[in-house]
Every structure is written in structure tokens, then in C-alpha cells.
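Subject: Structure handover

Hello,

I am passing this structure on to you. The sequence and the model come first, and my notes on what was found follow.

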Amino acid sequence: MSSSLHFKPITDKDMQLILPFLALEKGRSCDFSYGGLLMWVDYFDYQYCIDDDTLFIKGMAPSGNGETAFAMPLGYRNLESAFEMLRDYCIANDMKLEFSAIPEEDKEKLMRFNPKEVISINRWNDYIYDAESLATLKGKKMSKKRNHVNQFTTSYPDWRYERLRPEHIPQIESYTSKAIAAEAQQTEEAIFERKLAAKYLREVSGGNPNIIGGVLSVGDKIIAYTIGDVKGDTLFVHIEKGERSYSGCFETINKCFAQDIVNSYPEVKYINREDDADDPGLRLAKQSYHPVEILKKYNIKF
């Protein structure tokens with residue numbers, strides 16, 4: 001059996017073709033944001049195919065055993081037809097059909113095809129927050145966060161926040177990132193995450209208009225930065241780095257970036273700060289901002 005689907009690697013140029021399809025997906029999963037796809041394109045060896053105004057993406061399955069997994073098809077072809085195309089592709093290439101990181105609402109759509117196995121992947125669940133809450137830190141439950149911000153602004157009266165611009169990148173690459181790395185954990189995962197951050201910085205340096213960020217400075221020294229993108233009513237925060245020796249810098253850049261985006265993009269009502277990677281410390285940090293939703297994801301095998 002042959003297949004009409006022909007996949008090819010995703011390049012920077014291809015991202016412009018893919019972007020309109022991502023906009024069709026109305027959920028808030030970071031996997032369907034511009035930056036979320038860009039961040040992991042190399043790690044998971046993402047490839048794509050556009051057929052009949054529908055986007056298909058495949059990559060390495062998260063199990064790491066060399067198998068292939070697919071994202072939810074996006075576009076104008078009905079799901080039954082898209083599913084059959086993927087099943088034919090898998091038969092033609094002697095592989096099992098598996099979908100990865102499927103959010104709850106899409107999981108229900110795929111259940112009609114009688115999957116063999118549905119696996120919850122909690123380490124990839126996204127933390128979704130009320131944008132106004134993170135931008136203002138109002139209310140009793142945010143009092144500790146407000147205190148951290150107030151302590152930072154009092155301790156460093158010459159602080160300032162700015163939108164991240166290409167001219168900031170040389171200082172971040174030559175000094176800030178090195179200072180952050182010196183303080184950070186040296187685990188394999190932490191090192192890889194810093195490589196991903198460097199990739200985003202290159203995108204900003206190259207003037208990529210789809211990437212938005214902010215920098216926090218004390219005097220002329222950048223001590224923290226954050227990077228994300230906006231889709232629909234959601235800001236997706238992909239990177240947040242800071243020098244821990246500046247107590248309160250994380251809370252401050254978090255608040256300033258949220259405030260900046262809410263003011264600039266009035267349609268933004270939610271902020272997706274992505275997963276906790278199954279790290280207990282990161283989980284506590286994300287829970288401390290009181291998410292309005294934890295967006296569950298699943299691997300689905302047929």
C-alpha cells in the first residue's frame with residue numbers, strides 16, 4: 001500500500017507555512033504554539049506534510065525507542081479522513097499509529113477510533129494561569145509574590161524592565177547566560193534547556209517577529225530574561241532565566257512580562273507557563289502561582 005503523505009524536515013522557512021495552521025487550533029496547549037514547536041523541532045526531529053489544506057506533523061515518540069508519533073492533524077480535512085490517511089501511511093511504512101501529547105479535548109475526538117492504549121503523561125501537563133492575576137498579583141493568595149517583587153524593587157532602585165530587542169542579545173550571550181549557567185544545576189536536562197534558550201536568543205537576534213520577550217536589568221546589567229509568543233487569547237512562556245543571587249528577580253520579570261503583554265495584547269486572557277517536567281521543585285513553583293487549569297495530555301496508540 002502506498003501513501004499520499006510525504007513528510008520533510010521543518011526549517012525556519014517552513015515555520016511560516018505552518019503558522020496559519022497553528023492558528024486554527026483553538027486550544028491552549030503549548031505544543032501548538034509557534035515557539036513550542038520551534039523549541040523542540042530538533043530534539044524530536046519534527047517533520048511535516050501539508051495535504052489538502054491540512055497539516056500533519058510527525059516526530060520521535062517520547063519513549064525514545066525510535067518509534068514515530070504524530071500530532072493532532074490541523075486544517076480543513078475532516079478528522080475521519082485525516083485519521084485514515086495517517087493509518088494508511090503507517091501501514092505503508094510498517095509502523096504503528098501513535099499520537100503524542102494530545103490534549104484532553106482532542107483525546108475525546110480520537111476515542112471514536114477505538115484506541116488500543118491511552119496513557120496520561122503528567123510530566124507534560126501545561127499550567128494555565130489567569131493573565132490579569134499574574135500581571136497584577138492582586139489578592140491574598142498572591143501576597144508572597146507581591147512581597148518578593150517589592151523586596152526586589154526596594155533593594156535595587158535602579159532596576160528596569162524592557163521588551164527584549166536584538167541589541168540585548170550580545171550582553172545576554174556574553175555575560176548573563178554565563179552567570180545564570182554558573183548558578184544553575186548541571187544536570188543533562190538543565191544543560192539541554194539552556195541550549196534551547198540559546199536557540200530562542202538567536203531567533204530574537206535575527207529579528208523573528210513571532211517571538212516576544214522581556215529583560216530585567218539592574219543598572220546597565222541584564223540579570224533576567226524571558227521569551228514567549230502569543231496565539232489567540234494565550235501568552236505562551238517558553239523561557240524564563242535569571243540570576244538567583246538577585247532575590248526576587250524571577251517574580252519581578254514574571255509580573256512585568258505578564259503586565260507588558262496584557263497591556264499590549266488586550267485579547268490575552270491566559271498565560272501558559274508549560275509543564276513541570278516532573279520536577280518536584282518546579283511543580284511547587286508553578287503551583288504557587290495558582291493555575292486556573294492544569295491542561296492534561298495523553299499518548300494514544302492504535
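Strand β2 (residues 47-51) is mostly covered, with four of its five residues buried. Buried here means under 20% relative accessible area, exposed means over 50%, and partly exposed is in between (1.4 Å probe, protein chains only). Helices (H or I, at least four residues) and strands (E, at least two) are DSSP runs, numbered from the N terminus. This is a predicted model, in which local features need pLDDT of at least 70 and side-chain atom pairs count only at pLDDT 80 or more, while totals for chains, interfaces and linings use all residues. Residues are numbered from 1 along each chain as its sequence is written, and side-chain values use heavy atoms, with hydrogens and water left out.

Strand β1 (residues 8-9) pairs with β2 in the antiparallel sense over two bridges; two strands pair if DSSP finds at least two bridges between them. K8 has Y48 of β2 as its bridge partner. Strand β3 (residues 54-60) also runs antiparallel to β2, and five bridges join them. In that pair, D51 stands opposite T54 of β3. β2 and β3 form a hairpin with two residues between them, and D52 in the turn has a positive phi of about 55°.

G66 counts as exposed because its relative accessibility is 64%. Its C-alpha atom is 20 Å from that of E188, a residue 122 places away along the chain.

Next, the sheet. An open sheet of seven strands has the order β9-β10-β11-β12-β13-β8-β14, with mixed pairing. Its edge strands are β9 (159-163) and β14 (293-295), each of which pairs on one side only. From one strand to the next the twist averages 25°, where axes are lines fitted to C-alpha atoms (for helices over the stretch in contact) and angles run from 0 to 180 degrees between N-to-C directions.

Within this sheet, β12 is mostly covered, since eight of its nine residues are buried. Strand β11 (residues 221-231) is joined to β12 by eight bridges, and the two run antiparallel. I227 has I239 of β12 as its bridge partner. β11 and β12 form a hairpin with two residues between them, and G232 in the turn has a positive phi of about 60°. The pairing of β12 (residues 234-242) with strand β13 (residues 270-272) is parallel, over three bridges. There T234 stands opposite Y270 of β13, and F236 has N272 as its bridge partner.

Two helices deserve a paragraph. Helix α6 (residues 143-155) and helix α9 (residues 249-264) pack at an angle of about 105°, and their axes are 8 Å apart. The two are therefore roughly perpendicular to each other; angles of 65 to 115 degrees count as such, those under 35 as roughly parallel, those over 145 as roughly antiparallel and the rest as oblique. K145, H148, V149 and F152 of α6 make the contact with C249, E251, T252 and K255 of α9, contact meaning heavy atoms within 4.5 Å. These residues divide into three nonpolar, two polar and three charged. Nonpolar covers Ala, Val, Leu, Ile, Met, Phe, Trp, Tyr, Cys and Pro, charged covers Asp, Glu, Lys and Arg, and the others, Gly among them, are polar.

V149 of α6 counts as buried because its relative accessibility is 10%. Not counting residues up to four places away in sequence, V149 touches L137, E251, T252 and K255. V149 and L137 are twelve residues apart in sequence and 9.6 Å apart in space, C-alpha to C-alpha.

S133 lies in helix α5 (residues 131-136). S133 counts as buried because its relative accessibility is 18%. Leaving out residues up to four places away in sequence, S133 touches K138 and M142.

Last, the cores. A nonpolar core is a set of buried Ala, Val, Leu, Ile, Met, Phe, Trp, Tyr and Cys residues joined through side-chain atoms within 4.5 Å. In the largest one, of 55 residues, F99, L110 and Y225 touch the most other members. Helix α3 (residues 79-92) gives this core its largest share, seven residues. Apart from it lies another core, of 28 residues, including L134, A135, I212 and L235.

Regards
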